[in-house]
Amino acid sequence: MVSPVDSLFVKAQNTTLPKSLRPISPPPDNVPKHKHVKDLKLRTKLNRQAAHAARSKALVEDAELLLMSEAGKMQVETELERTWRIGQDDIVQGAGQEAAKGRRELKLDGGPYRSRYSRNGRHLAIVGSMGHVATFDWQTGTMHAELQLQETCRDITFLQDQSFFAVAQKKYVFIYDRDGVELHRLKAHIEPTRLEFLPYHWLLASVGNNGFLKYQDTSTGHIVAEHRTKLGACHTLAQNKHNAVLHLGHSNGVVTLWTPNIPHPVVQILAHLGPVVGLSVDPSSGGRYMATSGQDGIIKVWDCRNWKGTVREWTTRGGSAELEWSARGALGVAVGGSVNVYTKPSIQTPHVAKAPPPLYLTHPIPHRPLTSVRFCPFQDILTIGHNAGLSSILVPGAGEPNFDSTEADPFENKKARREREVKGLLDKIQPDMITLDPDFIGALAPPTKLTTAVNDTHDVPFARLPRLERLRVQGKADETELVDDDDEDAAEGDGDKNDKPQSRMEKEKRKMRGKGKSVKRYLRKQRKNVIDPTAVAIRAKLEKQREEKRVAKAIENGQVEARKPSALDRFRRP
């Protein structure tokens with residue numbers, strides 16, 4: 001007979017919390033406490049954020065200690081050898097049997113083709129311009145769905161996982177499930193050309209021939225934002241995975257950066273003298289570097305922190321190029337009839353000459369045009385879409401070897417996928433939190449310079465201040481006082497009378513003295529908070545006259561000796 005206490009003990013041993021409710025790690029010891037904050041609710045929120053930041057920092061340090069090995073790359077034995085001379089046959093022979101499966105050629109009709117991998121790198125979606133759509137598990141060869149839409153298709157992307165995918169068709173955007181069943185027709189997305197999905201915000205973004213950038217929440221079905229770019233049709237779209245900012249390349253050579261909460265581009269630069277055809281952001285550096293390619297055949301690498309110029313710039317053969325950064329910072333460039341791969345730090349090191357960086361790997365592809373370049377997550381595989389299908393090559397050292405199973409797990413089962421989907425939906429980030437600087441969210445606001453105190457009473461927003469106060473805060477206010485000559489004489493006379501108190505009538509009379517002079521009237525009209533050369537000259541002339549009067553009065557009183565005339569006075573300027 002089991003007692004109730006023993007039964008409770010057995011249940012406690014066999015019962016566990018769900019993964020979504022378990023603590024990630026114990027809280028660190030040295031967590032700063034915001035004891036100076038009087039608001040209890042705000043203090044608790046700040047302490048929680050500080051504990052989360054300290055825990056994340058400790059976990060990153062532990063990961064760096066555990067993952068000491070670097071991703072392997074091709075190495076040559078002598079200085080005369082080059083890695084780009086090694087072909088795919090030699091790489092396949094040197095790689096393992098499992099890694100060699102990534103080298104394949106898919107010959108398909110209905111191209112040119114574009115491809116997109118899922119977040120865990122396990123599933124692949126392809127779309128041809130003639131309407132052929134297919135999604136499958138490329139490792140096992142399991143086909144999920146295959147459609148023949150019989151119309152023009154321009155792009156494809158997975159949504160939160162491999163269960164749903166969106167296709168940019170001729171007129172609208174359509175969403176299909178894993179089996180290829182049509183679920184939604186998004187009529188708001190008219191003539192789409194490129195698609196992107198923001199996984200942490202559950203937003204499907206599209207840009208089309210009408211020049212509108214639209215965000216749609218896939219969890220609620222509502223249009224979150226709709227921006228008019230005013231730059232015509234757009235055929236280039238990429239996202240910065242670090243801060244979820246979308247980068248658009250336009251036909252006039254301009255690259256714009258967009259967020260859902262601002263109706264105008266947050267950054268706008270003239271990148272090329274012709275249309276922008278390729279665009280990608282480096283995920284390995286936290287979104288610091290952006291690569292662009294134009295119709296003029298020039299590839300440029302930009303530093304997204306200052307936008308003061310290109311870090312590296314070189315010219316390619318064959319015109320326009322398709323670009324893609326890998327998870328380890330390798331840049332794939334598909335141009336002409338070949339694919340070239342460049343690695344860092346050479347492509348991120350400032351170089352004055354317009355010479356191409358050292359080439360890491362190259363592979364010829366005879367099927368033109370090359371329309372897409374995609375690196376497989378957590379694998380050293382590069383997939384190129386072209387007119388005759390798709391080609392996948394091995395690029396040693398391009399993929400991230402260490403994955404986070406809470407973010408994207410290549411070996412997840414059906415139960416883990418459902419749990420991750422629910423947890424991702426609960427942790428969905430609001431679109432208003434997308435900014436260029438993601439560290440801005442949750443930080444204490446610095447004292448702004450656009451708020452000042454009027455009469456030392458209370459703070460007033462800068463936009464609500466009077467005009468004179470705004471100019472005074474900016475240091476542009478003209479606060480020079482117009483002192484009348486009679487007022488100065490009266491002030492000096494008051495000193496001789498031993499500061500005898502004046503009546504109110506005398507003060508008013510003295511205050512209005514000299515107001516009717518023409519020069520004073522002119523200066524009063526010109527007394528604006530704008531620097532006027534004429535008014536400045538008149539004030540200087542009046543100041544000079546006052547100074548001459550003071551000197552003459554001092555000579556009469558014997559305080560200053562009179563200056564003796566000289567023969568050189570005739571050459572003095574008046």
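Helices here are DSSP runs of H or I with at least four residues, strands are runs of E with at least two, and both are numbered from the N terminus. The model is predicted, so local features need pLDDT of at least 70 and side-chain atom pairs count only at pLDDT 80 or more, while totals for chains, interfaces and linings use all residues. Residues are numbered from 1 along each chain as its sequence is written, and side-chain values use heavy atoms, with hydrogens and water left out.

Next, select residues 533-556, the 24 residues of H9. The end C-alpha atoms of this helix are 35 Å apart, which agrees with the 34 Å that it should span at 1.5 Å a residue; the expected span is 1.5 Å times one less than the number of residues. Within H9, colour Ala535, Arg539, Leu542, Arg546 and Ala554, which are its buried residues. Buried means under 20% relative accessible area, exposed over 50%, and partly exposed in between, with a 1.4 Å probe and protein chains only.

Then show the whole chain, which has 9 helices and 30 strands. Of its 574 residues, 40% count as buried. Among contacts (heavy atoms within 4.5 Å) with a separation of 6 or more, 45% join residues 24 or more positions apart.

**The nonpolar cores**

Select Leu382 and Val395. In the largest nonpolar core, which has 28 residues, these two touch the most other members. The elements that give two or more residues to this core include strand E2 (113-117), strand E3 (123-128), strand E27 (381-386) and strand E28 (389-394). A nonpolar core is a set of buried Ala, Val, Leu, Ile, Met, Phe, Trp, Tyr and Cys residues joined through side-chain atoms within 4.5 Å.

Centre the view on Val395. Not counting residues up to four places away in sequence, Val395 touches Val341, Tyr360, Leu361, Phe375, Asp380 and Leu382. Apart from this core lies another, of 27 residues, with Leu198, Ile269, Ala271 and Val281 among them.

**Asn47 in helix H2**

Move to Asn47, in helix H2 (residues 40-66). Asn47 is buried, with a relative accessible area of 18%. Its side chain reaches the backbone nitrogen of His34 at 3.1 Å. Leaving out residues up to four places away in sequence, Asn47 touches Val31, Pro32, Lys33 and His34.

**Aromatic rings and charges**

A search of the whole structure finds 5 aromatic pairs. Rings of Phe, Tyr and Trp (its six-membered ring) pair if their centres lie within 6.5 Å; planes under 30 degrees apart count as stacked, over 60 as edge-to-face and the rest as tilted. Select Phe165 and Tyr176: the ring centres are 5.6 Å apart and the planes stand at 20°, so the pair is stacked. Phe165 lies in strand E7 (residues 164-169) and Tyr176 in strand E8 (residues 173-177), so the pair ties together parts that are 11 residues apart in sequence. Phe165 is buried at 1% relative accessible area, and Tyr176 is buried at 4%.

Two charges are next. Arg119 lies over the face of Tyr200, at 5.2 Å from the ring centre. The charged end of Lys214 sits over the ring of Phe212, 5.9 Å from its centre. A charge sits over a ring if NZ of Lys or CZ of Arg is within 6 Å of the ring centre and within 35 degrees of the ring normal.

**Loops with particular backbones**

Select Glu191, in the loop between strand E9 (182-186) and strand E10 (192-198). Its phi is near 45°, a positive value in a residue other than glycine. At 34% relative accessibility, Glu191 counts as partly exposed. Leaving aside neighbours within four places in sequence, Glu191 is in contact with Arg154, Lys170, Lys171, Gly208 and Asn209. The C-alpha atoms of Glu191 and Ala233 are separated by 9.8 Å, although the residues are 42 apart along the chain.

Lys230, in the loop between strand E13 (223-228) and strand E14 (234-239), also has a positive phi, near 60°. Lys230 counts as exposed, at 65% relative accessibility.

Finish at two cis peptide bonds. One joins Lys344 and Pro345, with omega about 10°; Pro345 lies in the loop between E24 and strand E25 (361-364). The other runs from Arg368 to Pro369, with omega near 0°, and Pro369 is in the loop between E25 and E26.

Technical notes: Polar contact = N/O pair within 3.5 Å; in protein donor to acceptor, adjacent residues only side chain to side chain.
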